[in-house]
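Hi,

Here's the structure I promised to pass along. Have a look at it first, and then read on for what turned up.

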Amino acid sequence: MKNSQHLKAYVQMHPDNKMAWYLLGKEYYKNGQHGKANYCFNQAGEVYEAFEHSKVPAEMLREYEDGLLQASRQRERGQQRLRYISLALMLLILLLVPSAVAPGIGVTEEQEVLQDTAAPEVKDLPDPKVSVQESVIEAKKVMYTAQENATEASQGKLMAKMLMRKEPFEAAALGMEREGKWLLWKEKLPLNFTLQKNGKGRMVYQSYDPKVCACEPPDQGQLAKDGAEWQGDQEELATLWSAIRAYQDAKGKLPDTLADLTRSFPENWIGGTTTVMKREFSPLKAVAKNKMAPGTEDIAEPSSSSNDGVRTIPTALSVSGSVASDVPFFDQPLRVVVDKQNHRLAVVSGSIILRNYAVGLGGDKTPEGNFVITDKVVNPNGRDDGDFGSRGLQLSDSNYAIHGTNEPDSVGKDESLGCIRMGREDVEELFALIPKGTTVVISKGVLPEKQLVPAKRFSSTAKHDQTNPHKVYHWLN
């Protein structure tokens with residue numbers, strides 16, 4: 001019954017929230033109070049119809065209700081002391097002033113449902129941020145996100161947070177496959193479902209997985225195309241966001257301009273720039289500055305879970321050209337993970353693998369542990385066909401590096417003297433994708449064997465000189 005009290009208090013403050021009416025009705029029905037339940041269901045209107053006659057995962061309702069109850073309880077705990085003081089004052093007044101009590105009267109079902117039974121005061125709930133990006137599709141703004149593919153729990157958590165948004169919206173969720181502890185960020189992720197909410201609170205859920213909806217899903221059309229574009233934008237933002245954070249960690253301040261990240265060696269934090277990076281640098285810098293303000297979360301800490309797909313991301317990136325006050329979808333910095341057992345090198349953010357390349361190693365000669373990319377060098381041998389290929393990435397203050405090779409057949413084998421060898425196309429993409437200052441972790445048995453490399457490689461335009469003619473590298477090739 002306590003849940004009913006919290007939900008009752010919420011609908012008193014938000015009588016237009018049809019989802020809250022529906023959930024309150026469910027609580028009354030569960031407790032055998034069918035009259036009150038029917039009244040609430042009538043108030044819920046089309047929400048009742050949508051949820052009672054659809055295949056929306058039940059987990060979504062539980063997550064949504066938990067959000068309402070948690071906010072209410074937090075508010076109650078925060079004001080408990082104030083209520084005790086107020087109660088003491090009221091008792092004092094009652095002792096001094098005669099009270100007037102109205103005679104008992106019958107109440108209608110509506111009055112009983114809405115009657116205040118000492119429920120805690122509940123004010124407006126904060127509007128949770130959803131990992132979404134908007135693009136124009138047939139004159140409508142559609143928000144994109146990605147989460148684990150075809151799992152009721154992940155869909156429920158994601159949709160529950162979407163439904164707590166007050167404004168109308170249309171959202172599309174892409175699905176990622178799971179491989180052990182990792183989620184795979186494949187090229188052109190499949191569309192899992194869409195969710196729409198109009199100005200009257202009516203919601204429409206459409207699954208695009210035939211196994212889930214037991215139907216023939218509609219054609220994805222423009223949704224799929226814009227989803228692929230959204231993925232590309234997020235990769236570019238991941239590189240920029242990681243570079244801003246790495247620069248701040250090294251310099252103790254944020255870069256003033258994008259040019260601070262794209263100077264000649266050794267200040268070549270990123271390999272090059274893109275249109276998205278140029279457009280979003282200032283907004284992302286503002287986000288980083290806000291994160292570092294007193295009393296806010298430090299920028300070095302991840303701001304959201306890496307498994308449930310619920311993350312805050314820039315909105316309307318392909319429409320308005322600006323971001324909201326939140327970090328990108330890949331809110332955790334890019335890292336490099338090397339698996340000596342499977343001869344793999346992955347670029348990851350949290351538990352999501354963006355790339356998984358085949359590499360050549362040196363067996364026991366390749367050290368294990370944590371390193372940092374300290375130098376990013378184009379043509380480390382002075383030419384692009386030397387022992388170290390066209391790109392080299394120094395691992396801390398050591399004689400080891402990630403670099404190209406003039407022996408491509410050695411990739412996938414233990415033939416190096418300790419360095420990490422990569423094919424030319426792979427190492428050039430890695431060079432463009434990860435910034436200087438990126439953490440590299442070398443261990444065994446941590447990555448899937450399945451390679452994850454897109455047909456269309458990540459690329460950027462570089463106008464700065466990233467060679468280092470003043471140093472001869474003696475890496476243990």
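Predicted model: local features only at pLDDT ≥ 70, side-chain atom pairs only at ≥ 80, totals over all residues.

Is His343 buried or exposed? Its relative accessible area is 13%, so it counts as buried. Asn379, in the loop between strand E10 (369–378) and strand E11 (391–395), also isn't a glycine, yet has a positive phi of about 50°. With a relative accessible area of 23%, Asn379 is partly exposed. For background, most residues other than glycine have a negative phi, and most peptide bonds are trans.

On that last point, there is a cis peptide bond from Phe265 to Pro266, with omega near 10°. Pro266 belongs to the loop between H9 and helix H10 (275–291).

Now for the inside. The largest nonpolar core has 62 residues, and the members touching the most others are Trp185, Leu261, Leu345, Ile402 and Leu430. Helix H9 (residues 222–251) is the top contributor to this core, with 10 residues. Another core, of 16 residues, lies apart from it and includes Leu7, Leu23, Ala44 and Met203. If you click on Leu261, you'll find Leu240, Ala243, Ile244 and Tyr247 among its contacts, along with Trp269, Ile270 and Phe281.

H9 gives the largest share of the lining, seven residues, and strand E9 (352–358) supplies at least two. Sorted by class, the lining has 10 charged, seven nonpolar and five polar residues.

Last, a look at helix H2 (residues 18–30). Its 13 residues reach 18 Å from first C-alpha to last, close to the 18 Å expected at 1.5 Å a residue. The buried residues of H2 include Trp21, Tyr22, Leu23, Glu27 and Tyr28. Just after H2, Gly32 takes a positive phi of about 80°.

Cheers

Key. Residues numbered from 1 in each chain as written. Heavy atoms only, no water. Core = buried A, V, L, I, M, F, W, Y, C linked by side-chain atoms within 4.5 Å. Buried < 20%, exposed > 50% of the residue type's maximum accessible area, 1.4 Å probe, protein only. Helix = DSSP H or I, 4+ residues; strand = E, 2+ residues; numbered from the N terminus. Contact = heavy atoms within 4.5 Å. Expected span 1.5 Å × (residues − 1). Nonpolar A, V, L, I, M, F, W, Y, C, P; charged D, E, K, R; others polar. Lists of a residue's contacts leave out its neighbours within four places in sequence.
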